[in-house]
Amino acid sequence: MTLKNIRSLPWDRIAHWYGRGDVLPRLINDLGNENHAWAVRELERNLEHQDGLNQATSFAVFLS
């Protein structure tokens, strides 16, 4: 899977710590532009909590 077809995943059915993963494609894409520092912080907040991982983590790490 490439960033080109990142939206082909059912992000609205993939959960992260604070809700559904439909925000994650935008954050992953923002890793490559001037918003990268903000995107990294938001990805960390949504994908890791108290050393625990969630369903969306593997998808986001694979695509990042």
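## Leu9 is buried, with a relative accessible area of 17%. Here buried means under 20% relative accessible area, exposed means over 50%, and partly exposed lies in between (1.4 Å probe, protein chains only). Leu9 and Val23 are separated by 14 residues in sequence and by 12 Å in space, C-alpha to C-alpha.

The model is predicted: local features need pLDDT of at least 70 and side-chain atom pairs count only at pLDDT 80 or more, whereas totals for chains, interfaces and linings use all residues. Residues are numbered from 1 along each chain as its sequence is written, and side-chain values use heavy atoms, with hydrogens and water left out.

### Confidence

The predictor's confidence in each residue is expressed as pLDDT, from 0 to 100. The chain has a mean pLDDT of 85, and 92% of its residues reach 70 or more. Confidence is lowest in strand E4 (residues 52–53), at a mean of 80, and highest in H2, at 92.

### The nonpolar core

A nonpolar core is a set of buried Ala, Val, Leu, Ile, Met, Phe, Trp, Tyr and Cys residues joined through side-chain atoms within 4.5 Å. The largest such core has 13 residues, and those with the most contacts inside it are Trp11, Leu24, Ile28, Leu43, Leu47 and Leu63. Two or more residues of this core come from each of helix H1 (24–30), helix H2 (36–47) and helix H3 (55–63).

### Helix H3 and its cap

The buried residues of H3 are Ala56, Thr57, Ala60 and Leu63. These residues lie on the same side of H3, because they cover an arc of only 145° around the axis; the arc is that of the directions from the helix axis to the C-beta atoms. On the other side of H3, Val61 and Phe62 are exposed. The buried residues of H3 pack against strand E1 (15–16), H1, H2 and E4, where contact means heavy atoms within 4.5 Å.

Asn54 lies in the loop between E4 and H3 and is buried, with a relative accessible area of 17%. Asn54 caps the N-terminal end of H3, with a side-chain oxygen 3.0 Å from the backbone nitrogen of Ala56. Not counting residues up to four places away in sequence, Asn54 touches Ala15, His16, Trp17, Asn46 and Leu47.

### Polar and charged pairs

Asn46 lies in helix H2 and counts as buried at 3% relative accessibility. Beyond its neighbours within four places in sequence, Asn46 is in contact with His16, Trp17, Tyr18, Leu24, Leu27 and Asn54.

Side chains of opposite charge can pair when their charged atoms come close. A salt bridge is a side-chain nitrogen of Lys or Arg within 4 Å of a carboxyl oxygen of Asp or Glu, and a search of the whole structure finds 1 salt bridge. Arg45 forms a salt bridge with Glu42. Both residues lie in helix H2, 3 residues apart, about one turn of the helix. Arg45 is partly exposed, with a relative accessible area of 39%.

A polar contact is a pair of N or O atoms within 3.5 Å; within protein, one must be able to donate a hydrogen and the other to accept it, and residues adjacent in sequence count only if both atoms are side-chain atoms. The table lists distances for pairs in this model.

| Pair | Kind | Distance |
|---|---|---|
| Arg45 and Glu42 | salt bridge, closest N and O atoms | 3.3 Å |
| Asn54 and Ala56 | side chain to backbone nitrogen | 3.0 Å |
| Asn46 and His16 | polar contact of side chains | 3.4 Å |

Terms used. Helix = DSSP H or I, 4+ residues; strand = E, 2+ residues; numbered from the N terminus.
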